[in-house]
Amino acid sequence: MWENGVLISIPTLFIYIAYYFFPLVLSTPSQLEYPVTQALPLIGLSILERFSSLLIHSSWGYLSVLSVITGRKRLILVAFPMGFVDFLVPFEKYLGILTFEFIFFSIGLICLAMVRSLGKYYRSTSSKDT
């Protein structure tokens with residue numbers, strides 16, 4: 001959450017301030033002045049991207065904690081690639097934003113399904129051991 005709240009939000013706030021107060025300095029048109037039909041898809045895709053990131057990073061954290069609690073090293077091996085999902089972001093310009101966000105959301109749903117099944121399995125086996 002700290003990553004999303006601080007590392008993304010605060011620089012974005014400064015960018016919006018620059019767009020709003022210094023539009024003549026910047027060579028690109030301000031995104032704050034987009035018409036509604038152009039702004040709503042961008043807002044929707046931004047929300048989808050944040051939700052997908054939340055799914056993946058929450059899955060990663062849950063499996064890591066579950067690995068420590070149950071003492072199963074396999075869970076860390078499953079969770080490890082989830083931590084590198086941000087590596088995919090540079091490929092967005094090659095795939096297009098709509099295709100990329102769909103793939104990113106699909107990865108988030110796959111991670112969530114894995115966490116549910118692994119969590120249910122390892123919680124049930126660890127409770128039998130005690």
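Biologist: Buried means under 20% relative accessible area. On that basis, what share of the 130 residues in the protein is buried?

Modeller: Buried residues make up 21% of the 130 residues. Please keep in mind that this is a predicted model.

Biologist: How confident is the prediction, and where is confidence lowest?

Modeller: The average pLDDT of the protein is 78, and 71% of the residues score at least 70. Confidence is lowest in helix 1, residues 2-21, with a mean of 64. The highest value, 88, belongs to helix 4, residues 92-95.

Biologist: How many helices and strands are there?

Modeller: There are 5 helices and 0 strands. Along the sequence, the pattern reads α-α-α-α-α.

Biologist: And what part of the contacts with a separation of 6 or more joins residues 24 or more positions apart?

Modeller: Such pairs account for 65% of those contacts.

Biologist: Let us turn to helix 2. Which of its residues are buried?

Modeller: The buried residues of helix 2 include Ala39, Leu45, Leu55, Ile56, Leu63 and Leu66. His57 is also among them, as are the serines Ser52, Ser53, Ser59 and Ser67.

Biologist: How does the span of helix 2 agree with its 35 residues?

Modeller: At 1.5 Å a residue, helix 2 should span 51 Å. The C-alpha atoms at its ends are 50 Å apart, so the two values agree.

Biologist: What comes just after helix 2?

Modeller: Gly71 follows, and it takes a positive phi of about 75 degrees.

Biologist: Val65 is in helix 2 as well. How far is its C-alpha atom from that of Ile76?

Modeller: The two C-alpha atoms are separated by 8.9 Å, while the residues are 11 apart along the chain. Val65 itself is partly exposed, with a relative accessible area of 47%.

Biologist: Now to charges. How many salt bridges does the structure hold?

Modeller: It holds 1 salt bridge. Glu49 forms it with Arg50, and the closest N and O atoms are 2.9 Å apart.

Biologist: What about Glu101, and which residues does it contact?

Modeller: Glu101 lies in helix 5, residues 97-129. Setting aside neighbours within four places in sequence, Glu101 is in contact with Leu45, Leu48 and Glu49.

Biologist: Which side chain of opposite charge is nearest to Glu101?

Modeller: That is Arg50, 8.1 Å away. A salt bridge needs a nitrogen and an oxygen within 4 Å. Glu101 is buried yet has no salt bridge.

Biologist: One last topic. How many aromatic pairs are there?

Modeller: A search of the whole structure finds 4. One of them joins Phe80 and Phe84, which are edge-to-face, with 5.0 Å centre to centre and 75 degrees between the planes. Phe87 and Phe91 form another edge-to-face pair, at 5.7 Å and 70 degrees.

Biologist: Why quote both a distance and an angle?

Modeller: A pair of aromatic rings is described by the distance of the centres and the angle of the planes, so both are given.

Notes. Residues numbered from 1 in each chain as written. Predicted model: local features only at pLDDT ≥ 70, side-chain atom pairs only at ≥ 80, totals over all residues. Heavy atoms only, no water. Helix = DSSP H or I, 4+ residues; strand = E, 2+ residues; numbered from the N terminus. Buried < 20%, exposed > 50% of the residue type's maximum accessible area, 1.4 Å probe, protein only. Lys, Arg positive; Asp, Glu negative; His and termini not counted. Contact = heavy atoms within 4.5 Å. pLDDT = per-residue confidence, 0-100. Phe/Tyr/Trp six-rings, centres within 6.5 Å; stacked < 30°, edge-to-face > 60°. Expected span 1.5 Å × (residues − 1).
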